[in-house]
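Notebook open, structure loaded. I'll jot down what I look up as I go.

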Amino acid sequence: HSNATMLYGHIETEEEIIFQTSTDDEQLYYKAGTIDFEVDGQPARLAVYRSPHHDELFLPFRDATSGNETYGAGRYLEPQELGSGELLVDFNLAYNPFCAYSDSYSCPLPPFENHLKIAIRAGEKAYKK
């Protein structure tokens, strides 16, 4: 269980971001805003995105566990909008992208701004084949 389970962010812009994918493709997303939080006293910030194809928010991230305890390319979260720009982000719900299980999927890779130096020890762990 992470001690940073409920976070509040603010939806700010709709800046276009091109994500690289696990199959060397590109996917367009919109940067919807950022969340600021602390893990074990360390400040952290993650960007939250929105797909042009649906309204759900998307938060891909890598952290210090990526490639060791968790999937190397990172994990995903879908923050819940609570209204008035507030978001609920629960790292216990972090999950592996489909490409963790099969190379036939093309998964967006977390952009550099969502690479954390700290460990998020919550959510789904590495898949052992």
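How many of the residues of β4 are buried? I get five of its five, which leaves the strand mostly covered. Buried here is under 20% relative accessible area, exposed is over 50%, and partly exposed is in between, with a 1.4 Å probe and protein chains only. Strands are DSSP runs of E with at least two residues, helices are runs of H or I with at least four, and the numbering starts from the N terminus.

Before going on, a note on provenance: this is a predicted model, where local features need pLDDT of at least 70, side-chain atom pairs count only at pLDDT 80 or more, and totals for chains, interfaces and linings use all residues. Residues are numbered from 1 along each chain as its sequence is written, and side-chain values use heavy atoms, with hydrogens and water left out.

**Entry: β4 and its partners**

I checked both faces of β4: L57, L59 and F61 are buried on one side, and F58 and P60 are buried on the other. Next I looked at pairing, which takes at least two DSSP bridges between two strands. β3 and β4 run antiparallel and are joined by two bridges. One pair I noted is R50 with L57 in β4. The hairpin from β3 to β4 goes through six residues. β4 also pairs with β5 (residues 75–77), again in the antiparallel sense, over three bridges. There, L59 has L77 of β5 as its bridge partner.

**Entry: nonpolar cores**

The largest has 19 residues, and I35, F37, L46, L59, F61, F91 and I120 have the most contacts inside it. At least two residues come from each of β2, β3 (42–50) and β4, with β2 giving the largest share, four residues. Another core of nine residues lies apart from it, and includes Y29, A47, Y49 and F58.

What does F61 touch, neighbours within four places in sequence left aside? Its list is L46, G74, R75, L77, F91, A94, P110, N114 and I120, where contact means heavy atoms within 4.5 Å.

**Entry: the largest pocket**

How much space lies in the largest pocket? About 340 Å³. A pocket, on a 1 Å grid over the protein atoms alone, is an open set of points where a 1.4 Å probe fits, with protein on both sides within 12 Å along at least five of seven lines; lining residues have an atom within 4 Å of a point. Points are joined across faces, edges and corners, and the volume is the space filled by probe spheres set on them.

Of the 20 lining residues, Y29, F58, Y76, Y95 and P108 are closest to the centre. β2 (26–39) and β4 (57–61) are the elements giving two or more residues to the lining, and β2 gives the most, with three.

**Entry: L109**

Last stop, L109, also in the segment after β7 (86–88). I log it as partly exposed because its relative accessibility is 28%. Beyond its neighbours within four places in sequence, L109 contacts F19, Q20, T21, S22 and A73. From T23, 86 residues away along the chain, the C-alpha separation is 9.8 Å.

Terms used
Core = buried A, V, L, I, M, F, W, Y, C linked by side-chain atoms within 4.5 Å.
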